Amino acid sequence: MTVSKISVGERILRKYRHLIEESGEYLMSGNDAVARGAIEAGIKIATSYPGTPASDILGAIAAVARYHGIYAEWSVNEKVAFEVAYATALSGLRALVSTKHLGMNVLSDSLLVSAYTGVNGGLVLVTVDDIHPWSSQNAEDTRYYARLAKIPCLEPSSPSEAKEVVKYAFNLSEELKLPVIVRYTEKIATNKEIVKLGNIDFEARRREAKFYPDHERYVMIAPHTRKNHPILNKKLDRAMEIFEKSSLNTVLGPMYVDIGIIVTGVSYQHAMEAISLLNMTEKIRVLKIVTSNPPPQKLIADFLETVNKVLVLEEIEPILEKDVKEIAQSIKRSIDIYGRLTGYIPREYELTPDIIIKALKEILGEHEENKAIAPKDVIPRIPSLCAGCPHRISYLAIKTALRRLRKRGIVVGDRGCYNQGVHPPLRAIDTCVAMGASVGMACGFYKANIKEPIVAVIGDSTFFHAGISPLIDAVYNSANITVVVLDNEVTAMTGHQPNPSSGRTVLGEKSKKIYPEKVAEALGIEFIRVVDTSDFEYLVRTLIDAIEYNGVSVVVIRSPCILEVLRSGKKTSRYEILQDLCIKCYACVNITGCPAIVVDLEGKVTIDPYGCTGCGICAEFCPKNAIVKVD
Amino acid sequence: MISIILAGVGGQGIILASDILGEAARLDGYKVSITETKGLAQRGGSVLSFIRIYKNGFVSPIIPLNSADILIGFELLESLRRINYLRKDGVAILNTRRIDPINVKMRMHNYPSFDAIRREFNKLTDKIYIINAYEIAAKVGSTRSENIVLLGFATGLSALPLSQESIIEAMKSRIPGRYLEVNIKAFQLGMNFAKKVK
């Protein structure tokens with residue numbers, strides 16, 4: 001059995017050839033390579049919830065899922081994604097869950113117990129840690145979760161290695177009967193290199209799902225947990241034994257030199273280039289650790305015997321560095337350990353070859369010559385919501401409503417494109433913390449007795465992900481808040497993935513469209529309005545009514561993401577500025593911040609005909625009515 | 001090893017341009033490493049791509065400071081922002097395109113003048129090549145091919161270690177059929193412009 005009978009379209013073939021072909025070499029990102037690795041491992045199910053920089057793992061698998069006979073889904077949140085994959089693995093099949101680091105927080109509740117039951121089919125949890133961060137609200141290190149959950153964690157150092165590590169992780173998961181984490185950082189997710197395709201494990205994919213009830217193993221009540229705990233600990237001991245001999249961990253460079261480097265993840269590539277730039281290939285010994293939990297103690301101890309100083313490179317917390325310290329003490333080896341704990345490596349942000357070069361020079365007692373830094377006065381490029389984005393109109397309506405009520409208000413934000421509303425000129429949200437936190441925090445501001453209108457704004461995907469429970473809390477505990485659901489019917493921020501509001505699945509199937517207003521209705525909320533952004537004045541008045549309402553009010557603003565509208569090929573209108581009426585007050589720029597409005601060197605204001613999508617919000621704020629619709 | 005940096009703004013086609021260069025390098029028998037920092041690309045933010053074309057050894061996904069051989073600046077402000085990656089006497093290809101961010105339109109900040117930007121590059125290198133790729137792309141009726149004009153220009157300057165044939169082959173594998181012809185035209189116009197400059 002080799003190829004599927006299902007043919008794929010030209011677009012899929014152009015974009016995902018590396019996931020379809022049986023052999024060859026392709027330019028692939030780390031995320032592509034992980035998707036390929038999971039397909040080669042014979043997965044039957046892949047699940048995820050979108051989150052940059054991990055989203056395209058499931059996006060890629062889903063694009064070729066039919067061809068390979070794999071089931072893929074965007075789950076409603078990471079916890080459900082994990083549970084779907086976990087039950088698949090209990091049934092003897094191989095399953096992949098992928099997430100960004102923040103998703104680990106959401107799924108950890110189930111993950112930490114799943115370690116006690118273990119799995120049957122391979123269960124691999126891929127997490128991409130955005131540790132700089134480039135597009136996240138914190139910079140956490142998933143390796144702590146691996147230790148907390150007592151499950152193995154593997155850290156590949158490149159896209160090619162990531163593909164092999166994923167396959168290895170599935171075998172390891174079945175050998176140990178434990179979920180296995182494959183953890184890497186943003187630089188591997190986005191780095192592309194030439195990766196060689198391998199064979200697909202059709203045997204694993206052909207397995208039939210079977211679940212054999214075993215109450216002591218699968219029903220985690222305390223007596224069963226107590227019984228399973230030593231089994232879990234033994235599995236972890238076994239993992240350590242395997243890792244001590246694993247060929248994934250490698251040693252490079254001459255023995256008995258002054259300086260050694262112990263490194264995990266992408267830092268390995270930075271370190272190797274740094275060593276070569278410093279012409280120190282013959283002077284530094286390097287231990288690359290892929291099996292980071294449990295750390296191979298003997299391997300590290302043996303390495304420490306061959307060097308006098310050791311620089312530990314990892315992203316981003318000094319986890320391995322502390323292990324190395326502990327191991328050095330246990331073997332009574334007095335050795336200088338350099339890393340994030342000693343100030344040789346900065347405590348925050350991702351590593352670069354330059355940081356490693358500087359650290360090595362400092363260890364050698366040399367001074368680093370000053371590198372050219374970017375001219376200090378380079379102005380920032382502040383991002384903005386797209387031209388025609390319905391969120392811009394919603395935010396301006398909320399601001400206008402509060403102004404007419406002569407209140408400042410607190411606008412509690414959430415996670416999604418709409419957190420770009422924090423930038424000038426909108427400055428429309430006051431907080432942004434975690435998925436769904438807008439509603440829970442709105443309750444908190446009310447209970448704390450803040451004497452201002454409290455408005456939570458939350459997107460459709462975020463509402464389904466984690467916004468419903470706090471809305472129940474708001475009703476149950478009688479909060480007086482307004483919840484505005486910015487429903488653009490897609491998970492836009494992370495690349496337009498479908499969600500329960502879209503009415504379709506990632507596999508292109510029609511699904512039941514779920515309406516936030518019906519959820520609100522079922523909770524007994526009495527003030528519910530559903531509006532769109534086409535009539536600004538009506539929108540403002542609706543929001544005023546909602547804010548003035550005493551109790552929980554819900555306003556669903558349902559307008560599609562403008563990028564989706566443009567992609568669908570729908571013709572949009574456009575606006576222009578009548579120059580003889582324009583008084584150059586710049587209200588259109590300074591209030592809306594729309595990127596389609598252009599100010600030339602002489603200060604003349606025009607609307608870019610290719611950028612304008614005809615939302616008309618600028619016209620609402622023109623005091624001279626100089627902005628008119630043209631077609 | 002050749003290290004190339006592409007700097008610009010979301011929507012200018014930097015990711016496609018990087019993929020084309022990477023694929024062309026693969027076809028020419030090189031190893032490749034490409035790393036894009038997209039961040040908020042879709043929302044008009046800064047986009048940066050590191051491309052490393054090499055035969056053997058180790059390369060980091062991140063180009064060390066002061067060591068890129070070529071900087072292709074798709075937008076002036078972004079070119080200036082990444083100048084610290086360019087090595088001394090490296091090749092600077094500067095597109096005169098200017099995309100004002102909202103902070104410039106709101107007069108929170110002044111956009112640096114072309115002369116000021118050029119002066120910064122002059123301190124580092126004499127190999128500065130200037131092109132209005134947006135205008136040239138408009139000539140083929142597709143301002144979205146600005147990225148391909150820039151690739152043609154860099155190829156015409158012999159700045160890249162890649163063959164013209166491989167780049168065209170790479171374009172065929174990455175660009176949908178219906179847009180291919182216009183992009184090949186854009187590539188050739190970029191090449192022709194390089195001959196005028198050289």
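I started with S478(A), which sits in the loop between α19 (460-476) and β17 (482-487) of chain A. Its phi is positive, about 50°, although S478(A) is not a glycine. I checked how open the site is: S478(A) has 11 C-beta neighbours inside 10 Å and therefore counts as exposed, the limit for that class being 12 or fewer. I note that this is a predicted model, so these are features of a prediction.

I then looked up R427(A), another residue that is not a glycine but has a positive phi, here about 45°. R427(A) belongs to the loop between β15 and α18 of chain A. I found 13 other C-beta atoms within 10 Å of R427(A), so I logged R427(A) as partly exposed.

P424(A) and P425(A) are joined by a cis peptide bond with omega about 5°. I placed P425(A) in the loop from β15 (410-412) to α18 (437-447) of chain A.

I logged a cis bond between E315(A) and I316(A) too, again with omega about 5°. I316(A) falls in the loop between β13 (307-313) and α15 (319-330) of chain A. I kept these entries because most residues other than glycine have a negative phi, and most peptide bonds are trans.

**Chain A overall**

I counted 24 helices and 23 strands in chain A. The C-alpha trace spans about 80 × 65 × 55 Å along its principal axes. Buried residues account for 52% of the 631 residues of chain A. Of the contacts in chain A with a separation of 6 or more, I noted that 78% link residues 24 or more positions apart.

**The seven-stranded sheet**

I traced an open sheet of seven strands in chain A, with mixed pairing and the order β3-β2-β4-β5-β7-β6-β12.

Helix α5 (residues 78-90) of chain A lies across β2 (45-48), β3, β4 (95-100) and β5, and makes an angle of about 160° with β4(A).

**Contact with chain B**

I found 42 residues of chain A in contact with 39 residues of chain B. On the chain A side, the elements that give two or more residues are α9 (186-190), β8 (191-196), α13 (267-277), α16 (353-363), α23 (587-592) and β21 (597-599). Which of them gives the most? It is α13(A), with six residues. I sorted the chain A side by type and got 24 nonpolar, 11 polar and seven charged residues.

I checked for strand pairing between the chains. β8(A) pairs with strand β2 (residues 31-37) of chain B, antiparallel, over three bridges. One pair I wrote down is K192(A), whose bridge partner in β2(B) is I34(B).

**Confidence**

The model has ipTM 0.96 and pTM 0.97. Chain B averages a pLDDT of 95, with 97% of the residues at 70 or above.

Note on methods
Residues numbered from 1 in each chain as written. Chains lettered and ligands numbered in written order. Predicted model: local features only at pLDDT ≥ 70, side-chain atom pairs only at ≥ 80, totals over all residues. Pairing = 2+ DSSP bridges. Helix = DSSP H or I, 4+ residues; strand = E, 2+ residues; numbered from the N terminus. Contact = placed C-beta atoms within 7 Å. Axes fitted to C-alpha atoms, helices over the stretch in contact; angles between N-to-C directions. Nonpolar A, V, L, I, M, F, W, Y, C, P; charged D, E, K, R; others polar. pLDDT = per-residue confidence, 0-100. Buried ≥ 20, exposed ≤ 12 C-beta atoms within 10 Å, placed from the backbone.
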